[in-house]
Amino acid sequence: MTGPLGHREESLTGATEARGLEALISRAARAGKGAAPVERWNPNFCGDLDMEIKSDGTWFYLGTPIGRMPLVQLFSSVLRKDADGRTYLVTPVEKVGIRVADAPFIAVEMDVSGSGEAQTITFRTNVGDVVEAGPERPLRFVDENETGGLKPYVLVRGRLEALVARPVMYELVGHGEEVEIGGETMFAVRSKGAVFPIMPADQLKRLSA
């Protein structure tokens with residue numbers, strides 16, 4: 001294919017190793033400067049790539065884990081999840097599908113500032129994103145049927161979410177409180193003026209009994 005600078009370059013799906021992908025994507029992404037403007041790009045779909053993000057946040061390419069964090073961060077900067085529910089690597093000239101076992105990112109650390117309605121909960125992801133939960137970056141809690149527990153997610157950008165790591169989840173629920181929502185008492189957390197329900201308060205009391 002012909003790249004944006006007018007020269008021939010290998011396609012994403014034709015790259016035979018992670019370093020080959022790095023050279024292609026680095027032309028489109030702003031390495032070290034946050035996410036690329038993938039929402040503004042509308043390239044053709046060029047097939048699927050043998051890349052997977054495991055549920056623990058580890059990235060694999062061609063069956064091999066990608067051990068270099070700067071490379072993972074580069075790839076993460078051109079991720080996009082579309083309305084079809086699939087996740088893609090996107091450049092101005094190509095869109096390729098990848099597999100994501102759960103969420104593409106893991107929230108590995110959190111910080112809480114303020115209190116009450118002024119409270120703000122900030123997360124750091126495994127690839128270096130820093131996200132303040134709030135109306136534009138909501139938290140959601142999903143029942144984990146196999147364990148009877150909860151899996152919290154925070155929106156990072158676009159449709160891409162971070163799964164809150166279990167130790168961070170315990171810290172998160174430690175900041176929960178009972179809040180009346182729609183006439184029901186819910187156990188919830190607050191951030192940037194928004195209230196995010198975790199579960200009905202009476203359900204929590206039953207689980208804690």
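The legends below describe close-up views of a predicted model.

Residues are numbered from 1 along each chain as its sequence is written, and side-chain values use heavy atoms, with hydrogens and water left out. Local features need pLDDT of at least 70 and side-chain atom pairs count only at pLDDT 80 or more, while totals for chains, interfaces and linings use all residues.

**View 1. The protein chain as a whole.** The secondary structure comes to 4 helices and 15 strands; helices (H or I, at least four residues) and strands (E, at least two) are DSSP runs, numbered from the N terminus. Of the 209 residues in the protein chain, 44% are buried, where buried means under 20% relative accessible area, exposed over 50% and partly exposed in between (1.4 Å probe, protein chains only). Among contacts (heavy atoms within 4.5 Å) with a separation of 6 or more, 51% are between residues 24 or more positions apart.

View 2. Strand β1 (residues 45-53) runs parallel to strand β6 (residues 95-100), and 4 bridges join them. Two strands pair if DSSP finds at least two bridges between them. F45 stands opposite K95 in β6. With strand β2 (residues 59-61), β1 pairs in the antiparallel sense over 3 bridges, and the bridge partner of I53 in β2 is W59. The hairpin of β1 and β2 has 5 residues between the strands, and G57 takes a positive phi near 90° there.

**View 3. The open sheet of 6 strands.** The order is β9-β8-β7-β12-β11-β10, with mixed pairing. β9 (130-132) and β10 (139-144) are the edge strands, each pairing on one side only. From one strand to the next the twist averages 40°; axes are lines fitted to C-alpha atoms, for helices over the stretch in contact, and angles run from 0 to 180 degrees between N-to-C directions. α3 packs on the sheet, where it touches β7, β8 (120-125), β10, β11 and β12, and its direction makes about 30° with that of β7. Strand β7 (residues 105-113) pairs with strand β12 (residues 160-164) in the parallel sense over 3 bridges, and I106 stands opposite L163 in β12.

**View 4. T122 in strand β8.** T122 has its place in strand β8. This residue counts as buried because its relative accessible area is 17%. Not counting residues up to four places away in sequence, T122 touches E109, M110, D111, V130, V131 and E132.

View 5. The strands follow the order β13-β14-β15 with antiparallel pairing. β13 (177-181) and β15 are the edge strands, each pairing on one side only. The twist averages 55° from one strand to the next. Strand β14 (residues 184-191) and β15 pair over 6 bridges, and V189 stands opposite F196 in β15. α4 lies across β13, β14 and β15 and runs at about 50° to β15.

**View 6. The second largest pocket.** Its volume is about 200 Å³. On a 1 Å grid over the protein atoms alone, a pocket is an open set of points where a 1.4 Å probe fits, with protein on both sides within 12 Å along at least five of seven lines, and lining residues have an atom within 4 Å of a point. Grid points are joined across faces, edges and corners, and the volume is the space filled by probe spheres set on the points. Of the 14 lining residues, G149, L150, M169, M199 and L207 are the closest to the centre. β11 (149-157), α3 (166-173), β15 (194-200) and α4 (201-208) each give two or more residues to the lining, and α3 gives the most, with 4 residues.
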